[in-house]
Amino acid sequence: TLIQSALAGSGFGRAAYLRPLGGEYEVEVVAARSSAGADVAGFEVSRSLVRGASLGRVARLRARDAQDYGQSIAELGIHSALCLPVEIDGAISGYLYLDARAGESRLQPDAAEFCQALSRFCGLALGKLKRDDIESRRQILESQLNAARAAQQMILPAADGSIGALRYALRMRPGMFVAGDLFDVVQLPD
């Protein structure tokens, strides 16, 4: 959806979502499409643009800047490109990358701002999905801990009782959900 929206609203010919791999400015193309709606295989990206976007800003290439971005850009016929960070809680989780090549010149004047807004929306949406996943995991863990606490409570002796003439009382104060120790009251012979 991010890629399709970026292509439809910007005028760029190709777009991709990139995921950082951990190496310096090393990325993986997660998905890439052309404005014609076809998936793009072998999508090439400019490391210089990725480096610029990794600083948390929009990195852009215009035709007049092409020589600053190296021979690979010129060989691919790219005259305009954008790379925008997609951030979740201030950390870059991916990049929106767009380019236009020879013969593609219908770029919208506000393409960079439009795509920046999309990358922010994407970061918000991914952040919500991440928070929902964390909340779901927390609820599962809490449910499992409550079940463990209930099982532990079932195997304890009665809180107040007696064995023969001996009366006893016990109190267990577990941690938040489960205690680490168990005890019992057992009558011994004689």
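**Helix H1 and beyond**

Modeller: Ser-10 is found in helix H1, residues 2-10. Helices (H or I, at least four residues) and strands (E, at least two) are DSSP runs, numbered from the N terminus. This is a predicted model, where local features need pLDDT of at least 70, side-chain atom pairs count only at pLDDT 80 or more, and totals for chains, interfaces and linings use all residues. Residues are numbered from 1 along each chain as its sequence is written, and side-chain values use heavy atoms, with hydrogens and water left out.

Biologist: Thanks! Is Ser-10 buried or exposed?

Modeller: Ser-10 counts as buried because its relative accessibility is 0%. Buried means under 20% relative accessible area, exposed over 50%, and partly exposed in between (1.4 Å probe, protein chains only).

Biologist: What does the side chain of Ser-10 reach?

Modeller: The backbone oxygen of Ala-6, at 2.6 Å. A polar contact is a pair of N or O atoms within 3.5 Å; within protein, one must be able to donate a hydrogen and the other to accept it, and residues adjacent in sequence count only if both atoms are side-chain atoms. Leaving out residues up to four places away in sequence, Ser-10 also touches several others, among them Leu-98, Arg-106 and Phe-114. Contact means heavy atoms within 4.5 Å.

Biologist: Which residues of H1 are buried?

Modeller: Leu-2, Ile-3, Ala-6, Leu-7 and Ser-10. Seen down the axis of H1, these buried residues fall within an arc of 125°, so they line one face of the helix. The arc is that of the directions from the helix axis to the C-beta atoms.

Biologist: And what do they pack against?

Modeller: Strand E1 (14-20), E2, E5 and helix H4 (111-154).

Biologist: New topic: how many aromatic pairs does the structure hold?

Modeller: It holds 1. The ring centres of Phe-43 and Tyr-97 are 5.8 Å apart and their planes are at 90°, so the pair is edge-to-face. Rings of Phe, Tyr and Trp (its six-membered ring) pair if their centres lie within 6.5 Å; planes under 30 degrees apart count as stacked, over 60 as edge-to-face and the rest as tilted.

Biologist: Where do the two partners sit in the chain?

Modeller: In distant parts, 54 residues apart: Phe-43 is in the loop between strand E2 (27-34) and helix H2 (47-53), and Tyr-97 is in strand E5, residues 91-101. Phe-43 is buried at 10% relative accessible area, and Tyr-97 is buried at 0%.

Biologist: What about salt bridges, how many are there?

Modeller: There are 9. A salt bridge is a side-chain nitrogen of Lys or Arg within 4 Å of a carboxyl oxygen of Asp or Glu. One of them joins Asp-99 to Arg-101, with the closest N and O atoms 3.4 Å apart, and both residues are buried.

Biologist: Which salt bridge has Lys-128 in it?

Modeller: The one with Asp-132, where the closest N and O atoms are 2.9 Å apart. Both lie in helix H4, 4 residues apart, about one turn of the helix. Asp-132 is partly exposed at 37%, and so is Lys-128 at 45%.

Biologist: Last one: how do E6 and E7 run?

Modeller: Antiparallel, with 4 bridges joining E6 (residues 160-163) to E7 (residues 166-169). Two strands pair if DSSP finds at least two bridges between them. E6 and E7 form a hairpin with 2 residues between them, and Gly-164 in the turn has a positive phi of about 60°. Ser-162 stands opposite Arg-167 in E7.
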